[in-house]
Amino acid sequence: MLYRENGQFKSTYRSDQQIFPILQDRIAIALLLIAAFVVIPLIASPYLLTAIFIPFLILALAALGLNILVGYCGQISLGTGAFMAVGAYAAYNLQTRIDGMPMIVSLLFGGIVSTVIGVLFGVPSLRIKGLYLAVATLAAQFFVDWACLRLGWVTNGSSSGSVSVAGLNVFGLPIESPVQKYLFALIFLAVFALLAKNLVRGAIGREWMAIRDMDVAAAVIGIRPVYAKLTAFAVSSFIVGVAGGLWGFIHLGSWEPAAFNIDRSFQLLFMVIIGGLGSIMGSFFGAAFIVVLPIILDGLPYWFGIPIDTATASHLTFMIFGALIVFFLIVEPHGIARLWSTAKEKLRLWPFPH
Amino acid sequence: MKHLMKSLALGATLLATATGAFAQAKEQFFPLLAYRTGAYAPNGTPWANGKQDYLKMINARDGGINGVKITFEECETGYATDKGVECYERLKTRPGVTLFEPQATGITFALTDKVPTDKIPLLTVGYGLAASQDGGVFKWNFPLMGSYWTAADMLIQQIGKKEGGLDKLKGKKIALVYHDSPFGKEPIPLLEERAKMHGFELTKIPVTAPGVEQKSAWLQVRQAKPDYVLLWGWGIMNATALKEAQATGYPREKMYGVWWAGAEPDVKDVGEGAKGYNALNLNTSGQTPKVIQDILKYVHDKGQGTGPKDEVGTVLYTRGVIIQMLGVEAVRRAQERFGKGKVMTGEQVRWGLENLALDQKKLDSLGFSGVMRPLSTSCQDHMGSTWARVHTWDGSKWSFTSDWLQADEQIIKPMVKAAADKYATEKKLTRRTPADCQS
């Protein structure tokens, strides 16, 4: 009743090929963007912004990058934390070593360095698949962990191994307050989400999906596996590297290599699995789920007066995560995004049953 | 419809009570960042229990600080920087928030950037940024009772004493087995400085966090054959290090740990295997001090104890008690200036921390006689006291085997000032003016 396409005729190819062909979808997205850009900065408390929205935005960006690699191209990667670290430290180095470097340039440079490293560690994907590739990317994770700790030039000679950035600004506009940081991260996410969506809708995206579904058949019909896999690694690492830079600069402000360790890689992989492999929206759902759930569980004692010991709450978070991952993989392997699209399908028929 | 209205009403009342709780600032709120899970939990838990028990005791015995009741809430950080930052952001907006004590050097680094804007002091007793001793640059950081530079300095002094003089260190080999994190790397600048001064060779052997896997590190120790090993570990890294030392046959008598590597959780499991291991200690342990007796009487005997009773009085538990006492005394000192019986703001507590004067008489009246040395802070000196002792494990208990050592300020002060100046230039801060010191 509400979600019908009746009367919406397309007269140009362009309007037929748009991302949101249905008017109701376009209205919903417009409302969402207004809510994100205007309403939330106005009404959200600084705590909500710094503890929930900003990590959500940055991790959604990283999950987006990982989804392109794992969900669209089918290359399992356990080294996402490493690529975030590379992006963060490369951005830090450019920002600190060259005075007056614009922050956006530093972040994009972090993405580029992460691309190079990502392609390097993506080369094994040309020979190995699945679990073996996961191990190769795990090697990337540990190698970068080691490099950030042992190679002095990575941290600009910091004796403690901890680096920090200060005085962030974009063309003179400071990025210091929670609202400014939130909007900065949101703009990055919006731009990259649009780019990613268009990439996966285009030829390269179809090549990735072909490689994911049946790589031998894809090679037979003329899709070059080298090109497809390495571009997947490249694009994914770029986005993840920029996300890493944002995580270090905007969210943490001061970080050590442990901020991008194996736990971060697992967290992003869980986001992508629970959110929905092979779906742009799935990255957002997964990130929202994984960022918000621990905070809710930790905050339960205060908000509802239920006395949970902090250690128990922490253990509970792990248990619930594990249980949910298993649940989703059994019940809905395609994640929350599939639940969402199923709901939309049902909404198209509502109130009729079929 | 009725069901819907009922649940709406319930939701509204819950919301109202929740928001109602936010409005008052009648109590002094202590956020307690702690870690009871993860690789560092064995050491973090007694520390956190000590902190909580002391607050409970002050409420039960004294009715608060000059009548102002104390409330607290624990937040689990798991020794992770991002969780620590999230806990900080969540708890800093509570009314009556006093100070933050993150229990972790990594979290300290992250919060050091945030506290000047939020105007809440950061208490880092015996850990954190060594440069933050300089109150002229680090207005909001308080590394009371010591930092890793004072600790490393005192260990070198003790080793020098053992050798018969600091000049006898020439040509000797000292290995630093350290946790590969900001915590472990912090003493390196001071050790390198001392190595230059006395001519000993410093070998740095990092151990990947969390330190469960140390076989390769101790193989390096075996090959290097150092005369002494300094252990800079935390959590399970310490017990693993001692077990590995036993396995490779390195004499434990030649091992000296920092004050975070010398407590019961580190040696209990190793038992006889750690016999002879030495470590620094900022405080005594045991259940005899009056404050511990009061905690047992007012908290544990009433069934309010946070942890098990036999944990009360252990090294880290006592340190947690001392840390919380310093926080409470800072509030009390702030109340002397800003209004007795009133809830203190973060800025007022900061002044209190900067003007602490805990002489022996005051410590005795608080019940801390013999537990720690007197401490007094000032605008330029945010450390207050640079004393510690070495204690040794004899297989079943710790006993002190050295006199009180004091860190050599001649060496440390210029290094601290240089590091603080470097920090100030990086962050574009200016040193505090004398006028600012009076506020």
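The model is predicted: local features require pLDDT of at least 70 and side-chain atom pairs count only at pLDDT 80 or more, while totals for chains, interfaces and linings use all residues. Residues are numbered from 1 along each chain as its sequence is written, and chains are lettered from A and ligands numbered from 1 in the order in which they are written.

**Chain A as a whole**

Select chain A to begin. It holds 14 helices and 4 strands; helices (H or I, at least four residues) and strands (E, at least two) are DSSP runs, numbered from the N terminus. The C-alpha trace of chain A spans about 65 × 60 × 45 Å along its principal axes.

**Helix H4 of chain A and its two partners**

Two packed helices are described by the angle between their axes and the distance between the axes. Axes are lines fitted to C-alpha atoms, for helices over the stretch in contact, and angles run from 0 to 180 degrees between N-to-C directions.

Select residues 80-97 of chain A, helix H4, together with residues 103-122 of chain A, helix H5; the two pack at an angle of about 135 degrees, with axes 7 Å apart. H4(A) and H5(A) are therefore oblique to each other. Angles under 35 degrees count as roughly parallel, over 145 as roughly antiparallel, 65 to 115 as roughly perpendicular and the rest as oblique. The crossing of H4(A) and H5(A) is right-handed; a crossing is left-handed if the near helix is turned anticlockwise from the far one by less than a right angle, and right-handed if clockwise.

Now display side chains. Among the residues that make this contact are Phe83(A), Val86(A) and Leu94(A) of H4(A), and Leu107(A), Phe109(A) and Ile117(A) of H5(A). Two residues are in contact if their C-beta atoms, placed from the backbone, lie within 7 Å. By class, the contact of H4(A) with H5(A) has 11 nonpolar, 7 polar and no charged residues. Ala, Val, Leu, Ile, Met, Phe, Trp, Tyr, Cys and Pro count as nonpolar, Asp, Glu, Lys and Arg as charged, and the others, Gly among them, as polar.

Thr80(A), Gly81(A) and Met84(A) of H4(A) meet Ile262(A), Arg264(A), Ser265(A) and Leu268(A) of H11(A).

**Two backbone details in chain A**

Most residues other than glycine have a negative phi, and most peptide bonds are trans. Select Phe171(A), where phi is positive, near 50 degrees. Phe171(A) lies in the loop between strand E2 (169-170) and strand E3 (173-174) of chain A. Next, select Trp350(A) and Pro351(A), which are joined by a cis peptide bond with omega about 5 degrees. Pro351(A) is in the segment after helix H14 (335-349) of chain A.

**Where the chains meet**

Show both chains. Their contact takes 27 residues from chain A and 30 residues from chain B. On the side of chain A, H13(A) gives the most, with 5 residues. That side of chain A has 13 nonpolar, 12 polar and 2 charged residues.

**Chain B**

Colour chain B by domain: domain 1 covers 26-146 + 286-376 + 417-438, and domain 2 covers 148-281 + 390-407. These bounds come from an automatic or database domain assignment. The centres of the two domains of chain B, taken over C-alpha atoms, are separated by 27 Å. Their contact takes 15 residues from domain 1 of chain B and 21 residues from domain 2 of chain B.

Then select helix H8 (residues 215-224) and helix H9 (residues 236-248) of chain B, which pack at about 45 degrees with axes 10 Å apart. H8(B) and H9(B) are therefore oblique to each other, and their crossing is right-handed. Trp218(B) of H8(B) and Glu244(B) of H9(B) are among the residues of this contact.

End at Ala209(B) and Pro210(B), whose peptide bond is cis with omega near -5 degrees. Pro210(B) lies in the loop between strand E6 (201-207) and H8 of chain B.
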